[in-house]
Amino acid sequence: MLIQDNFEYLEARVGDEHKYLSQINTKKASGPDGVNPSLLKEGTNQLATVFCILFNLTLSIGEFSRTWKLANIISLYKKNNRTSVSNYRPVRVLSFVSIFMERLVFNTLFDSFRKRFIISI
């Protein structure tokens with residue numbers, strides 16, 4: 001159980017969103033939303049504020065969009081014979097919006113736990 005007085009409020013900050021957007025690997029595949037990673041990276045200055053508002057609204061209402069939960073599943077070759085099905089593994093490709101939201105929540109929780117010595121590195 002989390003005690004509210006001892007836990008940081010999850011909040012997106014423009015600086016963090018700007019950092020995430022500027023670090024996008026433009027060679028990655030688009031997710032099910034079809035948004036090209038190059039478009040997101042090129043629009044970093046304009047989109048950071050938009051994502052910040054969107055994520056803070058999402059956090060305040062406590063609901064994660066169904067469309068952000070969708071993923072494309074692709075098969076990725078591992079090794080050996082390319083004709084054998086067992087030499088491929090499934091990989092899910094999420095939308096970048098979903099990845100940013102996940103990163104926001106993870107980093108906030110991780111920093112909070114580290115500050116309280118719940119985990120250490």
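In this predicted model, the rings of Phe, Tyr and Trp make 8 aromatic pairs. One of them joins phenylalanine 51 and phenylalanine 100: the ring centres are 5.7 Å apart and the planes meet at 75 degrees, so this pair is edge-to-face. Since phenylalanine 51 belongs to helix H3 and phenylalanine 100 to helix H5, the pair ties together parts that lie 49 residues apart in sequence. Phenylalanine 51 and phenylalanine 100 are both buried.

Phenylalanine 100 also pairs with phenylalanine 96, this time in a tilted arrangement. These two residues are 4 apart in helix H5, so about one helical turn separates them. Phenylalanine 96 is buried, as is phenylalanine 100. Here are the two pairs side by side.

| Aromatic pair | Centre to centre | Angle between planes | Type |
|---|---|---|---|
| Phenylalanine 51 and phenylalanine 100 | 5.7 Å | 75 degrees | edge-to-face |
| Phenylalanine 96 and phenylalanine 100 | 6.4 Å | 40 degrees | tilted |

Tyr20, Phe51, Phe55, Phe64, Trp68, Phe96 and Phe100 form one aromatic cluster. Which residues does phenylalanine 100 touch, not counting those up to four places away in sequence? The list is Glu17, Tyr20, Leu21, Ile24, Phe51 and Phe55.

The largest nonpolar core has 15 residues, and Leu21, Ile24, Leu40, Phe51, Phe55 and Phe100 have the most contacts inside it. At least two residues of this core come from each of H1, H3 and H5. H5 gives the most, with 5 residues.

Helix H3 runs over residues 44-61, and its 18 residues reach 25 Å from the first C-alpha to the last, close to the 26 Å expected at 1.5 Å a residue. Its buried residues are Thr44, Ala48, Phe51, Cys52, Phe55, Asn56 and Thr58. Because they cover an arc of only 160 degrees around the axis, they sit on the same side of H3. The face of H3 turned away from the buried side carries Gln46, Ile53, Leu57 and Ile61, which are exposed. On the buried side, the residues of H3 pack against helix H1 (14-22), helix H2 (37-42), helix H4 (66-69) and helix H5 (96-115). Glycine 62 follows H3 and has a positive phi, near 75 degrees.

Helix H5 has 20 residues and reaches 28 Å from its first C-alpha to its last, close to the 28 Å expected. Phe96, Val97, Ser98, Phe100, Met101, Leu104, Thr108 and Ser112 are its buried residues. Their cover includes H1, H2, H3, H4 and strand S2 (88-94). Just after H5, phenylalanine 117 takes a positive phi of about 60 degrees.

The loop between S2 and H5 is worth a look too, as serine 95 is found there. Is serine 95 buried or exposed? Its relative accessibility is 2%, so serine 95 counts as buried. Leaving aside neighbours within four places in sequence, serine 95 is in contact with Gly31, Pro32, Asp33 and Trp68. Trp68 is also one of the residues of the aromatic cluster.

Key: Residues numbered from 1 in each chain as written. Predicted model: local features only at pLDDT ≥ 70, side-chain atom pairs only at ≥ 80, totals over all residues. Heavy atoms only, no water. Expected span 1.5 Å × (residues − 1). Buried < 20%, exposed > 50% of the residue type's maximum accessible area, 1.4 Å probe, protein only. Arc of directions from axis to C-beta. Contact = heavy atoms within 4.5 Å. Phe/Tyr/Trp six-rings, centres within 6.5 Å; stacked < 30°, edge-to-face > 60°. Core = buried A, V, L, I, M, F, W, Y, C linked by side-chain atoms within 4.5 Å.
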